[in-house]
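Welcome! Please take a look at the sequence and the model below, and then read on for a short tour.

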Amino acid sequence: MKLLSQTHAEAQASHLATIARDCLIDEARLSPKPGLVDSRGNGAHRDLTLALMERSAHSLMPTFLALARHSWLRPADIALRETVGRLGRDGEQQMMAATGGVNTHRGAIWALGLLVSAAAMQGGTATADTLARTAAALASLPDSHAPRVFSKGLKATHRYQVPGAREEVQQAFPHVMKLALPQLLISRAVGASESEARLDALMAIMTSLSDTCVLSRAGMTGLDAMQQGARAVLLAGGCRTAAGQRALQQLDRRMLALNASPGGAADLLAATLFIDRVCSPEHSYF
Ligand SMILES: CC(C)(COP(=O)(O)OP(=O)(O)OC[C@H]1O[C@@H](n2cnc3c(N)ncnc32)[C@H](O[C@H]2O[C@H](COP(=O)(O)OP(=O)(O)OP(=O)(O)O)[C@@H](O)[C@H]2O)[C@@H]1O)[C@@H](O)C(=O)NCCC(=O)NCCS
Ligand SMILES: Nc1ncnc2[nH]cnc12
């Protein structure tokens, strides 16, 4: 019986890691995304390509697997927080080794890593709300092994007095839960294709996120352009309408002109797809 439950846990861990990797690849390939790497090209980036994003996603499979295994049916406590922190930092190193030192997915390791842990802590059976809250509880605990780094994200949050990647997870993913997931469902319900619905979900995040990648590269001008441009796409009826597509093209041009890339919003789209997949009724695997 014990062997059976170990085999079950191992299969679930592998399943969660596969979903997380696939969500990163789906996000990277989704097109056309303003300023971001997609199937068309490199967006506002000189050092990122779609091939590199995909290699990075594959390199994270062992990290997601280890996070799921170590978190399986565990409570949110400091011991688990420190284990997850160590595994996340190892994952960042693996990503950097796979990409030759380019930061492709640091924010995604954080957001998706904590969601993978949260799903495993719940034994895989959780509502979207429980998943987000469990991840938030774990992310809010102190990790005494975390090195003190003054990252680009921290600099931007201090300079502009806005929340960043840390707060998004600690506050239980407000941009995913209140904006992206509802938009994904609405767009699907009104007949958008899956790609259009995902682009609409990305727009919903971009209407309000204080994306520290955009702030670091293009300041408040870039952030305002991102938020207003995304609102214009949704107000025009979203990406399934001709007017919405024109507004999206305009936003893409504006982001490229400002050298702005909403990498944080892209990570949160991957997190949205993960929650959508793990919590959907078809996900009866668990
Ligand atoms: C909590 C950490 C994410 C660290 O956060 P912090 O803000 O201190 O550090 P950054 O190194 O700046 O990383 C933050 C990344 O998070 C994404 N992001 C940005 N804004 C938000 C937001 N409002 N909400 C959610 N997520 C957000 C974003 O990641 C994406 O962009 C990356 C590319 O960015 P950048 O390096 O700036 O790239 P370029 O613009 O191309 O650079 P240049 O060309 O200009 O040089 C890419 O990675 C995307 O993923 C931010 O970059 C976390 O790392 C942490 O504390 N980890 C510790 C380990 C741990 O506890 N792990 C547990 C879970 S596994
Ligand atoms: N598609 C993408 N392009 C650029 N940066 C990203 N960070 C996460 N996804 C990204």
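The report below goes from the overall fold to one serine and then to the salt bridges.

This is a predicted model, in which local features need pLDDT of at least 70, side-chain atom pairs count only at pLDDT 80 or more, and totals for chains, interfaces and linings use all residues. Residues are numbered from 1 along each chain as its sequence is written, chains are lettered from A and ligands numbered from 1 in the order in which they are written, and side-chain values use heavy atoms, with hydrogens and water left out.

**Overall fold**

The chain holds 13 helices and 0 strands. Here helices (H or I, at least four residues) and strands (E, at least two) are DSSP runs, numbered from the N terminus. Along the sequence the pattern reads α-α-α-α-α-α-α-α-α-α-α-α-α. With a radius of gyration of 18 Å, close to the 19 Å that the globule rule gives for 286 residues, the chain is as compact as a globular protein of that length. The radius is taken over C-alpha atoms, and the rule is 2.2 Å times the number of residues to the power 0.38. Along the principal axes, the C-alpha atoms fill a box of roughly 60 × 45 × 30 Å.

Buried residues account for 54% of the 286 in the chain; buried means under 20% relative accessible area, exposed over 50%, and partly exposed in between (1.4 Å probe, protein chains only). Of the contacts (heavy atoms within 4.5 Å) between residues at least 6 apart in sequence, 74% join residues at least 24 apart. The accessible surface of the chain is about 12700 Å², and 54% of this area belongs to carbon and sulfur atoms. Such areas come from the Shrake-Rupley method with a 1.4 Å probe; for residues, only the protein chains shown count as cover.

**A look at Ser-187**

Ser-187 sits in helix H9 (residues 174–189). Its relative accessibility is 3%, so Ser-187 counts as buried. Beyond the neighbours within four places in sequence, Ser-187 is in contact with Ala-192, Ala-197 and Asp-200.

**Salt bridges**

The whole structure has 15 salt bridges, each a side-chain nitrogen of Lys or Arg within 4 Å of a carboxyl oxygen of Asp or Glu. Here are some of them:

| Pair | N to O distance |
|---|---|
| Arg-81 and Asp-143 | 3.9 Å |
| Asp-129 and Arg-133 | 3.0 Å |
| Arg-188 and Asp-276 | 2.8 Å |

Arg-81 and Asp-143 form a salt bridge. This pair links distant parts of the chain, 62 residues apart: Arg-81 is in helix H4 (residues 78–99), while Asp-143 is in the loop between helix H6 (128–139) and helix H7 (152–160). Both Arg-81 and Asp-143 are buried.

Asp-129 and Arg-133 both belong to helix H6 and lie 4 residues apart, about one turn of the helix. Asp-129 is partly exposed at 39% relative accessibility, whereas Arg-133 is exposed, with a relative accessible area of 53%.

Arg-188 forms a salt bridge with Asp-276. The pair again links distant parts of the chain, with Arg-188 in helix H9 and Asp-276 in helix H13 (residues 263–278), 88 residues apart. Arg-188 counts as partly exposed at 27% relative accessibility, and Asp-276 is buried, with a relative accessible area of 17%. Arg-188 and Asp-276 also belong to a network of salt bridges that includes Asp-26, Glu-194, Arg-198 and Arg-277.
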